Amino acid sequence: MVSRTLILVWILFWLGGVGGGMGGATAAPLEAYATGLATADQQRQALEQMRKLADPSYKEILIALKEGALYTWQDKLLILGDSGVFKDLAGQALLDAAGQPFLPDDAVPVPLEEPNIPLVQRVLDVLSLTDSDPRARRSAALKLGNLRDPTNVGLLEQALVRESDSSVRPVMVEALHKLQLFDPDPQARRQSVEHFAATRAESALALLKSLVVHEQEVSVKQAMQQAITSIEGYLHLRNLVGFVFNGFSLASILLMMSLGLAITFGLMGVINMAHGEMLMLGSYTAYVVQECFAAFAPAHLDYFFFAALPLSLLVVGAVGLGLERGLLRFLYGRPLESLLVTWGIGLILQQGVRLSLGDQTSVNPPTWFRGGWEAIPGLVLPYSRLFIVALSMLSVVAVYWLLYRSSAGLKIRAVMQNRDIARCMGIAAHRIDAFTFAMGAALAGLAGCALSLIGTVDPEVGKTYIVDSFMVVVLGGVGKIIGTVLAALGLGMSNKLLEPAISGTAAAVYAKVGILLLVIVFLQIRPTGLFPPKERVTDAITR
């Protein structure tokens, strides 16, 4: 029970009147409202007045009330701070005669009445509209807009007048229009509905659907139905663009993987089952470079990817060169043996990396790779995936130039078409074999380095893409760059467009099964793929 002094302060508060809100009349003394908070039957009235005035100085005492840290002692109100020291409403610590913190045993906590718990949070949300942090103001506007309480309209309007941050103002405008949907004036409701139809705000769709059922005004009801149709049509378009971009992103990864296979399998005739492990080595190269930068050059950690990208080419290319010179050059013309050997090599590489570098790691993208580009409202395209798309296009251009516009490419095609004649022309076929296989492996390493930006790095990451990559090469036509590009786009797009069409938890699995069936049917019709070779190709590479 509060003392007569506290009651007197509360009476003086009511006699003094209440200010008109933010930017209006001067708020009554904090002590008056605090006294009301300490009185059970007047607590709600005090909270309502605080909400109308929205004075930032009320925030500390409201938080203390919410957290049970507001006390009364000897006609005073005290706040128990995080350090365990009491302080008065002016912020002065409660000290004893010796100047030490004093903890009175007879201090009584001020209870927060259960019906007032939501109201305290609403008042704190209103006070957050004046917070110095734009994120806090934005969050407060979102919460107030979803409360369906039209009494907050005036507070939001005043906050909008003061707001200068371009990221917060649209949120406040949207919150205002949400609250105005509950305005008794049909014209005000119609204006808000037209605003949502013009902005195609997804956040208002559920609210409009719930209100259109009970709307009595015919013109407003028709406007709501039109707004719902407009927003849903935009969402379908946005989702379609998102699916297409995801298809491009998947196709880009498949393309970089398949370019290497198009060289080793398409041009050389080697079935390299360890090609997925080349991608895995590229991912782990990026991880090791990141860890080296973190240990020896932490100030320049954001630039590790500039070193990781070329190193993944060199490291994985060197591994491919070693494999070709050490093993595979003895297995040309023996497809079954080369398949088994490369499969075994893949298992060795997986276990070796698992033992030395761990089973699952990750690469943290540089800060300038985080975030994305908002192509259309509500659709953000990640910078990392945009980079992968651009890198795959650059890889295609580089491979095409190398194979068809350079002397090295001329030698590669000569050796693959007729090894004996190429030797007679003075071409070192053994060196061409080694260079070609190393280049195919290096391209897989490049794909792995790029893939580390958007996924985890683990020893079995290559298994996810190796089957699809072989399908791309076979479907496009063995050894055909343009066929590889079109097949990668077709498989990537089909996969990402089928998944939402199938829906369900196993949509990705069913989509892959459907794609595989389509590829099988297509190869029954065109066994040589989209672009069959025009010249005769030897059945095997012999020495």
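Helices (H or I, at least four residues) and strands (E, at least two) are DSSP runs, numbered from the N terminus. The structure described here is a predicted model, in which local features need pLDDT of at least 70 and side-chain atom pairs count only at pLDDT 80 or more, while totals for chains, interfaces and linings use all residues. Residues are numbered from 1 along each chain as its sequence is written, and side-chain values use heavy atoms, with hydrogens and water left out.

The pLDDT, which is the predictor's confidence in each residue on a scale from 0 to 100, averages 84 over the protein chain. A score of at least 70 is reached by 91% of the residues.

The strands come next. Two strands are said to pair if DSSP finds at least two bridges between them. Four strands form an open sheet in the order β3-β2-β1-β4, with antiparallel pairing. Because β3 (86-88) and β4 (108-109) each have a single partner strand, they stand at the edges, and one side of each is left without a neighbour in the sheet. Within this sheet, three bridges join β3 to strand β2 (residues 76-80) in the antiparallel sense. I79 has K87 of β3 as its bridge partner.

Another antiparallel pair is made by strand β6 (residues 372-376) and strand β7 (residues 379-382), which are linked over four bridges. Here I376 stands opposite L379 in β7. The hairpin has two residues between the strands, and G378 takes a positive phi near 90° in it. Strand β6 also holds W373. This tryptophan counts as partly exposed at 46% relative accessibility, where buried means under 20% relative accessible area, exposed over 50%, and partly exposed in between (1.4 Å probe, protein chains only). Leaving aside residues up to four places away in sequence, W373 touches L379, V380, L381, Y383 and L386. By contrast, G233 is 140 residues from W373 in sequence, with 22 Å between the two C-alpha atoms.

R148, although not a glycine, has a positive phi of about 60°. The residue lies in the loop between α6 (134-145) and α7 (153-162) and is partly exposed, with a relative accessible area of 46%. R200 is not a glycine either, and has a positive phi of about 50°. The loop between α9 (186-199) and α10 (205-212) contains R200, which counts as partly exposed at 36% relative accessibility.

A salt bridge is a side-chain nitrogen of Lys or Arg within 4 Å of a carboxyl oxygen of Asp or Glu, and a search of the whole structure finds 20 of them. One of these joins R51 and E48, with the closest N and O atoms 3.4 Å apart. Both residues lie in helix α3 (residues 43-53), three residues apart, or about one turn of the helix. R51 is buried at 8% relative accessible area, whereas E48 is partly exposed at 24%. In the salt bridge of D133 with R135, the closest N and O atoms are 3.6 Å apart; D133 is partly exposed at 27% and R135 is exposed at 66%. For R325 and E324, the corresponding distance is 2.8 Å. R325 is partly exposed at 30%, while E324 is buried at 0%.

Finally, the surface carries a nonpolar patch formed by V509, V513, L516, L517 and I520, which together have about 430 Å² of accessible area. Patches are made of residues with over 30% relative accessible area and no salt bridge, with like charges joined within 9 Å and nonpolar side chains (Val, Leu, Ile, Met, Phe, Trp, Tyr) within 5 Å. Accessible areas come from the Shrake-Rupley method with a 1.4 Å probe, and for residues only the protein chains shown count as cover. L516 belongs to helix α21 (residues 507-525) and is partly exposed, with a relative accessible area of 41%.

Note on methods. Contact means heavy atoms within 4.5 Å.
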